[in-house]
Amino acid sequence: MENKKYLQDITEIKNMMNKSSQCLSLSGLSGVLAGIYALIGAWLAYKTIYFDNSTSEGYSGLIISENSVNKLLLIAISVLLASIVTGIILSIKKAKKQNETVWNTASKRLIINFAIPLATGGFFILFLIEKEYLDLIVPLTLIFYGLACINASKYTLRDVRYLGITIVVIGLLSTWFINYGLLFWALGFGVCHILYGFMMYMKYDRK
Amino acid sequence: MKNIIQNINKAFDHRIRLGIMSVLMVNESADFSTLKELLGVTDGNLASHAKALESENYITVEKQFIGKKPNTRYIATKEGRIAFKNHIDALEKLISKS
């Protein structure tokens, strides 16, 4: 009888430690959906770049018209927004199911720690675009996003750490294959999200 | 067996006190409302259990104002951390004994 109480105490301690330091309402499904959005985005970008009459092949490689650049930016922003909105909605749903609040100390910390590397990378990339150093944009988006995941993983499900590491590796690899940027982008943001999201969904959400 | 029982700390022998310490072990500090929400307890209940831990010197209380709102933060002391660690070790030993 006593033993049962001790075991209960230990469970309670573990539960409290996790609950107070980690945001566990992140849903695997939002990862899968974000990956699908990214793949759709990559497909649209591919169409924009390679099947656009205004795009011409110059001596120094592909020259993308300003019209297409704007279109690409629009695609990127739409993918980002759709992913964030989906993530928020699914997290609220999951939190409700677990009888928890979404907006607590743990989730605040998760967002701040995710945003710091991501915003750093975002500004860095914007400055590069401004200076027209466009070559390294694909590797840099992947690397900074991966680092953001790694940094945030301390405050949420551990799997996010491995997702981050995988994406950083893909980002580093893509530095050597600049011309295949879009492919790496689809692999990192699309396929990785779907894979890890599915894994997390099977592991935590299906119960 | 007797030695282990000695390490079971009476100060932690309550769900709410156990909860407060667990939260403070993994967080630098926690404010009153966060603890209240996490543990699902009433104001008075939380305050009295926090007071009990404070009088044992296991936690310290910091009161300050954020704007016009009073804010109470709790922080585990070194002493409290050691005591809680011993308590967990004792619990684990007791469970594995059987």
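Here is a friendly conversation about a predicted model with chains A and B.

Colleague: Let's begin with chain B. How many helices and strands are there in chain B?

Modeller: From the N terminus on, the elements run α-α-β-α-α-β-β-α. Along its principal axes, the C-alpha trace of chain B spans about 55 × 25 × 20 Å. The count for chain B is 5 helices and 3 strands.

Colleague: What percentage of the residues in chain B is buried?

Modeller: A residue is called buried when its relative accessible area is under 20%. Chain B has 98 residues, and the buried ones make up 44%.

Colleague: And what share of its contacts joins residues at least 24 apart in sequence?

Modeller: Here we take contacts in chain B between residues at least 6 apart in sequence. Of these, the share joining residues at least 24 apart is 59%.

Colleague: Why do the buried residues of H4(B) line one face of the helix?

Modeller: H4(B) has 13 residues and reaches 18 Å, close to the 18 Å expected at 1.5 Å a residue. Its buried residues are Leu46(B), His49(B), Ala50(B) and Leu53(B). They line one face because, seen down the axis of H4(B), they fall within an arc of 105 degrees.

Colleague: What covers those buried residues of H4(B)?

Modeller: The other side of H4(B) is where Lys51(B) and Ser55(B) are exposed. The cover over the buried residues includes elements of chain B, namely H2, helix H3 (32-39), S2 and strand S3 (69-76).

Colleague: Is Met21(B) buried or exposed?

Modeller: Met21(B) sits in helix H2 (residues 15-26) of chain B. Not counting residues up to four places away in sequence, Met21(B) touches Phe12(B), Leu53(B), Tyr58(B), Ile59(B), Ala76(B), Gly80(B), Arg81(B) and Phe84(B). With a relative accessible area of 0%, Met21(B) is buried.

Colleague: How far apart in space are Met21(B) and Ala50(B), C-alpha to C-alpha?

Modeller: In sequence, Met21(B) and Ala50(B) are 29 residues apart. Ala50(B) is one of the buried residues of H4(B). From C-alpha to C-alpha, the distance between Met21(B) and Ala50(B) is 9.4 Å.

Colleague: What is phi of Asn57(B) near?

Modeller: Most residues other than glycine have a negative phi. Asn57(B) is in the loop between helix H4 (43-55) and strand S2 (59-66) of chain B, and is partly exposed, with a relative accessible area of 45%. Its phi is positive, near 70 degrees.

Colleague: Over in chain A, what is phi of Glu132(A) near?

Modeller: Glu132(A) lies in the loop between helix H4 (105-130) and helix H5 (137-152) of chain A. Glu132(A) is exposed, with a relative accessible area of 64%. Its phi has a positive value, near 65 degrees.

Colleague: Which residues is Ser83(A) in contact with, leaving aside its neighbours within four places in sequence?

Modeller: Ser83(A) belongs to helix H3 of chain A. Its relative accessible area is 18%, and the cut-off for buried is under 20%, so Ser83(A) is buried. Its contacts beyond those neighbours are Ala34(A) and Tyr37(A).

Colleague: Which helix supplies the largest share of the lining of the second largest pocket?

Modeller: That pocket has a volume of about 500 Å³. Of the 17 residues that line the pocket, the closest to its centre are Leu24(A), Lys94(A), Gln98(A), Tyr204(A) and Asp205(A). By class, the lining has 6 nonpolar, 4 polar and 7 charged residues. The largest share, 4 residues, comes from H3(A).

Colleague: Finally, what is the volume of the largest cavity?

Modeller: A search of the whole structure finds 1 cavity of 30 Å³ or more. The residues lining the largest cavity are Lys19(A), Gln22(A), Cys23(A), Leu24(A), Ser25(A), Glu100(A) and Asn104(A). Its volume is about 40 Å³.

Notes
Residues are numbered from 1 along each chain as its sequence is written. Chains are lettered from A and ligands numbered from 1 in the order in which they are written. This is a predicted model: local features need pLDDT of at least 70, side-chain atom pairs count only at pLDDT 80 or more; totals for chains, interfaces and linings use all residues. Side-chain values use heavy atoms; hydrogens and water are left out. On a 1 Å grid over the protein atoms alone, a cavity is a set of points where a 1.4 Å probe fits but cannot get out, and a pocket is an open set with protein on both sides within 12 Å along at least five of seven lines; lining residues have an atom within 4 Å of a point. Grid points are joined across faces, edges and corners, and a volume is the space filled by probe spheres set on the points. Helices (H or I, at least four residues) and strands (E, at least two) are DSSP runs, numbered from the N terminus. Buried means under 20% relative accessible area, exposed over 50%, partly exposed in between (1.4 Å probe, protein chains only). Contact means heavy atoms within 4.5 Å. Ala, Val, Leu, Ile, Met, Phe, Trp, Tyr, Cys and Pro count as nonpolar, Asp, Glu, Lys and Arg as charged, and the others, Gly among them, as polar. The expected span of a helix is 1.5 Å times one less than its number of residues. The arc is that of the directions from the helix axis to the C-beta atoms.
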